[in-house]
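I opened this notebook to keep track of what I looked up, in the order in which I looked.

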Amino acid sequence: MAIKKFAVAAYDDEAVLFPAVKKVRKSGYKIHDVYTPFAVHGLDVALGHKDTDLHIAGFIYGLCGTSTAVGFISWIYTSDWPIVYGGKPHFALPAWIPITFELTVLFAAVGMVLSFCYLNQIMPGVKKHVFHPRQSDDLFVMAIEINSHMSESEVIAFLKSTGAVETNVQMAEEGWWYGRWDKEEEYEKLNSSVA
Amino acid sequence: MNDRFEIPGRLKNTSLALIAVGVLTLIAGIASLLMGHNSNDTDRARFWAVLLHDSVFFTLITAVSIFIQAAVSLAQGAWLVAYRRVPEAIGANVWIFGTIAAVVMFLIVFTFKDSAGQNTIYPWVTPKAGDKILLGKGAFLNKGMFVGFTLVTVALWAYFGNKFRAMSIAQESAPKNDTKIYWKVFRLSGVFLFVYALTQMSTGPWLWIMSIQAHWYSTLFSWYTFASAFVSGISLIMLWVIYLKNQGNLELVTKEHMHDLGKFMFAFSVFWTYLWFAQYMLIWYANIPDETVYFKLRQQGPYSVIFYANFIINFCMPIIILMARPSKRNYFTVTFMAMVIIFGHWLDYFQMIMPGPLKGHWHINWYEIGIFMGFAGLLIFTVSRTLAKSNLVPANNLLLKETMVHIA
């Protein structure tokens with residue numbers, strides 16, 4: 001992960017945000033992410049995000065659960081500690097189906113929750129840079145990566161032309177990190193030099 | 001927005017040919033009974049049991065169309081509205097299959113007897129003296145109750161099936177954005193769900209199917225038959241929607257709507273398996289002879305082929321083929337699976353009904369297939385005629401815009 005320079009634009013209306021996203025993408029700028037106070041339907045499509053492979057991962061987790069359950073129960077009841085109960089054979093498959101089903105669901109659900117958290121970088125203890133304090137309140141915040149070939153003032157002027165109510169340039173960690181918010185202090189130093 | 005369906009000559013001829021096959025099969029069946037050669041008790045039971053099987057199966061899968069309209073209207077869902085005319089047309093023809101089923105069942109109850117004077121299809125009609133179980137059930141399992149419940153069920157389904165369609169068509173000429181009919185449909189949907197719960201989900205299958213094994217009972221039998229009917233009813237709607245799309249109708253229907261129906265086919269296949277297995281496992285676990293008698297014949301006896309085929313066709317195939325998202329949005333896989341599911345649940349009803357009257361001597365031969373083709377032809381003929389009578393777009397429906405932008 002690296003600290004990069006971002007142009008940040010805040011919008012106060014979805015109706016402005018969607019055309020802005022479209023214009024920014026059309027102009028060839030790379031949108032780092034858009035932060036919204038609530039789930040905005042269609043924004044993922046507008047940003048060009050593809051479907052993740054989370055469901056395939058879920059299927060594989062489910063298969064792991066099924067095989068764990070069938071393997072473990074059959075090992076116990078046929079070789080480790082075989083007991084005859086209820087006159088049933090040692091390999092009493094119908095009796096194990098409910099547990100197999102539950103373990104399948106458990107593995108798939110827990111596995112998918114963890115994968116989802118990983119993909120969205122929202123594990124407990126994980127910290128991410130907050131571009132605007134009102135991104136979880138009433139503003140839609142868009143962050144654009146700025147590289148050395150781009151002129152900051154041009155980007156900011158462009159963002160203002162798309163209807164942003166507030167714009168600025170920030171140095172920020174693009175990924176996530178573990179631990180405390182210590183990095184905030186580093187940012188403040190970096191950002192004071194930017195401003 | 002106007003979208004008329006004109007019955008193509010090929011569809012009409014196919015349906016009439018299928019009906020002709022069915023009628024000829026029926027005549028051949030009657031003739032082979034009357035001619036007397038090998039017309040033993042089993043053959044006579046087979047003649048009636050096959051008619052019972054197909055008429056009840058088609059009644060139940062068409063009645064699902066009324067149920068899905070009611071359930072979606074009550075939930076104020078818009079996803080069904082794009083092809084609402086299809087379940088409406090199927091639901092408006094339930095009375096035909098219901099009437100046939102009622103006639104067949106009444107003939108079985110009142111006229112069918114084997115050479116010993118026993119009714120081998122519905123044994124409760126002629127309980128043996130000293131048969132405590134059947135005599136104890138006599139308060140419910142008797143001719144009066146059977147006739148009464150059947151008539152009420154068929155009449156109510158016929159009424160609601162036609163009523164929902166009539167109201168939906170009346171909305172077309174209602175003033176724009178008028179909500180009067182919308183809320184009337186909403187209220188009647190609630191009433192219908194209540195009716196459906198007391199008929200399809202309880203008394204109907206008890207009397208029509210479970211009473212064939214009159215000594216045996218299962219408390220979730222009606223749910224199990226409902227799941228079976230529901231998934232094949234959804235497949236039936238899917239087949240009609242795809243057919244109409246291929247004819248160039250139903251422009252509003254997109255892959256998003258098909259994806260929804262595909263999800264129902266997938267999900268309710270799993271739901272069916274859940275009930276199928278729940279019924280099996282408890283009986284297997286408890287191992288009480290009174291209960292295991294049902295599965296003894298089906299799982300270990302001559303029906304074991306159908307028993308396991310049932311599991312493979314109705315569970316393994318849908319779960320493998322329909323699980324992935326792209327396969328639910330593909331015309332070919334979905335059409336193929338819809339036909340497989342309808343056939344699979346036809347087999348499921350077959351093994352619910354046949355072991356009682358026929359014991360081990362089951363056939364799937366010219367007679368079974370011919371009668372099935374006859375009913376399928378009747379379904380195609382009546383539903384296509386109803387579809388052709390009205391605009392296929394439910395114009396002026398309050399949820400029309402919502403259904404157009406629907407995303408699965």
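**Entry 1, the model.** I noted that this is a predicted model, in which local features need pLDDT of at least 70 and side-chain atom pairs count only at pLDDT 80 or more, while totals for chains, interfaces and linings use all residues. Residues are numbered from 1 along each chain as its sequence is written, and chains are lettered from A and ligands numbered from 1 in the order in which they are written. The predictor gives the complex an ipTM of 0.79 and a pTM of 0.88. For chain B I found an average pLDDT of 92, with 99% of the residues at 70 or above (pLDDT is the predictor's confidence in each residue, from 0 to 100).

I looked up the division of chain A, which gives domain 1 (3–48 + 125–194) and domain 2 (54–120), with bounds that come from an automatic or database domain assignment. The centres of the two domains, taken over C-alpha atoms, are 44 Å apart.

In chain A I traced an open antiparallel sheet of 4 strands in the order S2-S4-S1-S5 (strands, E, at least two residues, and helices, H or I, at least four, are DSSP runs numbered from the N terminus; two strands pair if DSSP finds at least two bridges between them). S2 (31–35) and S5 of chain A are at the edges with a single partner strand each, so one side of each has no neighbour in the sheet. S1 (residues 3–11) pairs with S5 (residues 166–173) over 8 bridges, and Ala10(A) stands opposite Glu166(A). S1(A) also pairs with S4 (residues 140–146) over 7 bridges, where Tyr11(A) faces Phe140(A).

I then followed H9 (residues 255–286) and H11 (residues 304–321) of chain B, which pack at about 145° with their axes 9 Å apart (axes are lines fitted to C-alpha atoms, for helices over the stretch in contact, and angles run from 0 to 180 degrees between N-to-C directions). Among the residues that meet are Phe266(B) and Trp272(B) in H9(B), and Phe315(B) and Pro318(B) in H11(B).

Which residue numbers does each chain bring to the contact? I found 6 residues from chain B and 4 residues from chain A, where contact requires C-beta atoms, placed from the backbone, within 7 Å.

Terms used: Contact = placed C-beta atoms within 7 Å.
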